[in-house]
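This report describes selected features of one protein model. Please consult the sequence and the structure shown below while reading.

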Amino acid sequence: MGKPTVLPPKALREVLVEFYRKNLFVLVPVIDQRDIALLDSSLLLQQAVYFAGSLTCHIPDSTPFSPEDIYCRIKTLLFLNHEKDPYVTLKALCLVGCWNSDAPQLVSLDSSWQWSGMAIRLALPLGLHRANSSAYARSDQRCLRRIWWYLFDNDTLQSACFGRPSMISIDDFDVPLPTPDDFDLPDMSAQVFCHLAKLCPLINGVHRQAIRRNTVAPDEIAKLLLNLQEWIAQLPSELQLYDQQGSRKEYNRVVSELHVFYLACIVLIYLLPGTHRHTFLLCKTAIVASSCVARLYESMLYREGRAASTLYPPMGKSRGGRPTDLLFDPLLQWRGRLPRGTGDYSFCVCATEQKLTLYPHGSDKNQPIAAR
């Protein structure tokens with residue numbers, strides 16, 4: 001491991017920062033460009049950013065700067081209380097929570113679930129859950145708003161993944177949704193994060209219904225589906241998988257990742273207890289949605305290689321770079337239950353008509369097999 005003060009050589013440091021910005025920032029936008037420019041002022045934040053970049057970067061085994069090595073240095077700095085600025089510590093906790101040392105279903109203190117809990121417990125006394133908090137009078141208030149929504153998104157998705165109670169309820173805070181203006185560069189990555197922040201309250205609502213384990217009335221299911229339809233209908237054209245003619249757009253990883261969460265939410269709604277589970281249309285919709293999750297993830301793995309395992313990193317990154325996305329395991333199992341030939345369905349949303357439409361792959365888009 002070496003001493004916690006040991007840093008990668010300059011050339012590797014530049015690569016690690018680049019890989020963080022390229023592969024992880026879209027879902028974990030917890031630092032600003034100013035932070036990167038002033039990395040030398042905080043040893044903990046330096047190690048945390050380098051660690052995040054190392055998760056998707058190939059580092060030779062002969063160097064002592066693997067994710068495991070840097071992770072141990074970060075733990076040492078945290079437990080020695082080396083960093084005195086709680087805001088810097090909060091950013092580091094968010095970044096170190098991007099990795100599980102073992103498969104995330106195993107109980108361990110070295111897990112994203114534990115680090116995320118520490119980050120939330122630090123964010124609350126700092127006042128990040130209240131819009132009128134003095135924290136948002138700081139010069140880095142835009143970054144702090146992104147951090148809070150990252151913590152909420154992370155908590156919601158991990159709770160839904162593991163079936164555990166969430167630490168943050170949507171009713172517990174009043175921080176406005178992030179906007180592209182909260183980013184140094186309001187590009188597509190900024191839009192993806194902002195629309196994910198709009199989706200996670202819907203997933204949070206579905207998860208709360210699931211935790212209660214009570215039968216969900218049909219009108220409640222209809223309300224959840226309507227909210228989901230409104231979300232997909234409001235996506236800007238650059239974040240949609242299909243154009244207005246129903247043709248698949250050119251591949252974009254962050255757009256695919258965003259739709260994976262949307263499709264997963266469809267399946268999670270169907271899995272809620274209630275009479276809706278006997279509805280043929282909703283059953284088929286859930287099955288096709290799960291098939292599309294598998295197809296999108298498969299496409300990302302082929303195109304991105306190791307970087308594809310950053311599909312929501314707190315759930316998907318484990319020792320050796322093996323993706324272990326528990327949220328999507330049941331969805332992949334659904335795919336095996338498809339009738340013969342159904343695996344070739346593509347999934348399309350008609351935003352103009354605000355309805356869910358399923359098309360056989362390569363078929364006439366004027367002849368859907370199901371619609372809602």
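**Terms and basis**

A residue is called buried when its relative accessible area is under 20%, exposed when over 50%, and partly exposed in between, with a 1.4 Å probe and protein chains only. The model is predicted, so local features need pLDDT of at least 70 and side-chain atom pairs count only at pLDDT 80 or more, while totals for chains, interfaces and linings use all residues. Residues are numbered from 1 along each chain as its sequence is written, and side-chain values use heavy atoms, with hydrogens and water left out.

**Cysteines**

Cys-283 has a relative accessibility of 22% and therefore counts as partly exposed. Cys-98, by contrast, is buried at 0% relative accessible area.

With a disulfide taken as a pair of cysteine sulfur atoms within 2.5 Å, the count is zero. For Cys-98, the nearest cysteine sulfur belongs to Cys-94 and lies 8.2 Å away.

**Helix 1**

Helices are DSSP runs of H or I with at least four residues, numbered from the N terminus. Buried positions in helix 1 are Leu-12, Leu-16, Val-17, Tyr-20, Asn-23 and Leu-24. Viewed down the helix axis, these buried residues fall within an arc of 160° (taken from the directions from the axis to the C-beta atoms), so they line one face of helix 1. The face turned away from the buried side carries the exposed residues Lys-10, Ala-11 and Lys-22.

**Ser-159**

Ser-159 belongs to helix 7 (residues 141-162) and is buried, its relative accessible area being 0%. Beyond its neighbours within four places in sequence, Ser-159 contacts (heavy atoms within 4.5 Å) Trp-113, Arg-164, Pro-165, Ser-166 and His-207. Trp-113 is 46 residues from Ser-159 along the chain, and their C-alpha atoms are separated by 8.9 Å.

Conventions: Helices (H or I, at least four residues) and strands (E, at least two) are DSSP runs, numbered from the N terminus.
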